[in-house]
Amino acid sequence: MNKIKNQKTVSASQRDNSENSVNSVKKIRRLALLLLDWFSQNARNLPWRHTRDPYAIWVSEVMLQQTQVQTVIPFWERWMRELPTVEAAAKADSAKLHKLWEGLGYYTRVRNLQKAAQVIVEKHDGKFPQNFDEVLALPGIGRYTAGAICSIAFNQPTPILDGNVIRVLTRIFDIAGNPKEKATNARLWQLAEQLVGRAVLCPPRRGEDTTPYRCSLLNQSLMELGALVCTPRNPQCLICPVKKLCVAFKERRTDELPNLAKRGMATARHFIAFAMERNGKCLVRQRPAGVVNAHLWEFPNVEVSVAPSSRPSPPVGDKVTGGRLRGNAPAYDSNVVAKAICQKLFGVKPEMIQPLHTVKHSITRYRMTLEAFHVRLKNSPKKLAGVWLSPDEFDSIAFTAAHKKLASAAARSILSSR
Ligand code: SF4
């Protein structure tokens with residue numbers, strides 16, 4: 001009797017599983033159709049969407065990491081004008097590459113891009129590989145970028161999973177685990193793969209040409225929905241093309257998904273920088289290899305070990321170690337501090353020193369404040385190496401984003417004091 005009962009239970013559970021899997025297949029199919037329809041009417045007109053050149057698409061994908069679409073457009077257009085082929089990128093000199101990337105940040109990206117271009121030239125005769133594993137093996141290219149290139153340029157059913165796609169999928173399918181955890185991440189990749197695989201089987205959409213790039217369109221539609229409609233805050237569910245399939249919308253849980261770990265507290269860091277001027281020229285220096293923003297240019301600067309809200313006194317008797325200034329005393333006068341640093345670190349006695357500009361920016365978990373001074377000198381600093389450039393020459397080198405702002409302020413200050 002028990003045996004019969006157990007058999008019935010197993011059969012019921014098997015039936016449930018198979019119903020779930022039929023429902024899941026149906027949901028994937030409807031979702032793919034809705035996304036393709038919506039994208040055919042709502043895709044933004046972006047310059048890299050007018051090409052299937054894998055190199056051009058790759059450059060756009062690398063630039064779009066950590067950077068907004070509107071910011072990327074002029075950078076991408078200029079890059080493609082200056083370096084229109086893989087060969088051109090492979091042999092461009094480092095100064096040109098950094099100049100073309102100046103302002104986009106995360107400069108490891110551009111150095112990896114060139115390394116990968118060199119591999120394509122040397123190993124693949126300059127022809128962009130079409131095999132997913134060969135694309136994935138290129139320097140700086142991970143699973144997302146390889147999937148994006150293979151699907152968008154070659155219409156292969158290779159999945160993509162970035163922040164936008166994670167948001168869309170976790171909300172539609174009610175995936176409550178942290179997307180960074182192995183099992184949840186694998187489930188998300190699986191859904192992305194099922195969706196792009198399903199796109200191949202979709203019948204022609206309204207207004208499509210005869211050879212639709214459906215895998216390309218499907219992946220782009222997912223990213224586009226995440227960027228325009230299914231946004232991190234205040235998603236536009238009422239106008240969302242897939243709201244009928246979306247669990248988070250039905251259950252009003254869009255605030256809970258995706259389940260991302262809370263970010264740690266940001267750390268404040270404070271730097272003092274100097275536009276040291278002598279005979280109308282300023283001293284600039286190149287950052288060494290192996291550090292953040294390697295090879296880019298900057299004005300001499302030093303980190304001080306205090307937050308702006310708890311500043312130390314002028315560094316009388318302070319100890320300067322490894323470029324950091326340490327000290328604590330009651331009053332703070334930034335001019336006096338800056339002057340003392342000039343003397344201590346660079347061995348110069350300023351003829352004139354005045355506040356120039358303050359830049360606040362963030363890098364990863366750091367909130368940076370860069371407080372700059374215009375310093376006029378009679379003599380060259382003894383303790384600092386660098387190059388003396390006039391404001392007209394600032395444009396010939398690639399500054400870090402923060403120091404680019406200082407360069408503009410320094411140019412204005414020098415010109416107005418003439
Ligand atoms: Fe995102 Fe809302 Fe659309 Fe669901 S209905 S996919 S939460 S925008």
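This is a predicted model: local features need pLDDT of at least 70, side-chain atom pairs count only at pLDDT 80 or more; totals for chains, interfaces and linings use all residues.
Residues are numbered from 1 along each chain as its sequence is written, and side-chain values use heavy atoms, with hydrogens and water left out. Helices (H or I, at least four residues) and strands (E, at least two) are DSSP runs, numbered from the N terminus.

**Ligand site**

- The ligand takes up the space of the largest cavity. A cavity here is a set of points, on a 1 Å grid over the protein atoms alone, where a 1.4 Å probe fits but cannot get out. A molecule sits in one if more than half of its atoms lie within 2 Å of its grid points.
- Around the ligand you'll find Arg 171, Ile 172, Val 229, Cys 230, Pro 235, Cys 237, Cys 240, Val 242, Lys 243, Cys 246, Phe 249 and Thr 254. To be near the molecule, a residue needs one of its heavy atoms within 4 Å of it.
- Sorted by class, that shell has 9 nonpolar, 1 polar and 2 charged residues. The nonpolar class is Ala, Val, Leu, Ile, Met, Phe, Trp, Tyr, Cys and Pro, the charged class is Asp, Glu, Lys and Arg, and the others, Gly among them, are polar.

**Strands**

- Strand β1 (residues 267-278) runs antiparallel to β4, with 4 bridges joining the two. For reference, two strands pair if DSSP finds at least two bridges between them.
- Within that pairing, Phe 271 has Glu 303 of β4 as its bridge partner.
- Strand β4 (residues 301-304) is covered on both faces: Asn 301 and Glu 303 are buried on one side, and Val 302 and Val 304 are buried on the other. Buried means under 20% relative accessible area, exposed means over 50%, and partly exposed is in between (1.4 Å probe, protein chains only).
- β1 is also joined to strand β2 (residues 281-286), by 2 bridges and again in the antiparallel sense. Glu 277 stands opposite Cys 282 of β2.
- β1 and β2 make a hairpin with 2 residues between them, and Asn 279 in the turn has a positive phi of about 50°.
- β2 has an antiparallel pairing with strand β9 (residues 387-389) over 3 bridges, where Val 284 is opposite Val 387.
- β2 also pairs with strand β3 (residues 297-298), antiparallel over 2 bridges; here Arg 285 faces Glu 298.

**Aromatic pairs**

- The whole structure holds 9 aromatic pairs. Rings of Phe, Tyr and Trp (its six-membered ring) pair if their centres lie within 6.5 Å; planes under 30 degrees apart are stacked, over 60 edge-to-face, and the rest tilted.
- Tyr 55 and Trp 58 have ring centres 6.2 Å apart and planes at 65°, so this pair counts as edge-to-face.
- The two sit 3 residues apart in helix α2 (residues 54-64), which puts about one helical turn between them.
- Tyr 55 is buried at 2% relative accessible area, and Trp 58 is buried at 1%.
- Ring pairs tie Tyr 55, Trp 58 and Phe 128 into a cluster.

- Most residues other than glycine have a negative phi, and most peptide bonds are trans.
- The peptide bond from Leu 257 to Pro 258 is cis, with omega near -5°. Pro 258 is in the loop between α12 (247-250) and β1.
- Asp 125 is not a glycine, yet has a positive phi of about 60°. This residue is in the loop between α6 and α7 and is exposed at 73% relative accessibility.
- Thr 364, also not a glycine, has a positive phi of about 45°. Thr 364 is in the loop between β7 (352-363) and β8 (366-376), and is exposed at 58%.

**Contacts along the chain**

- Gln 130, in the loop between α6 (108-124) and α7 (132-136), is partly exposed at 42% relative accessible area. Its C-alpha atom is 9.2 Å from that of Gln 156, 26 residues apart along the chain.
- Cys 150, in helix α8 (residues 143-154), is buried at 0%.

Note on methods: On a 1 Å grid over the protein atoms alone, a cavity is a set of points where a 1.4 Å probe fits but cannot get out, and a pocket is an open set with protein on both sides within 12 Å along at least five of seven lines; lining residues have an atom within 4 Å of a point.
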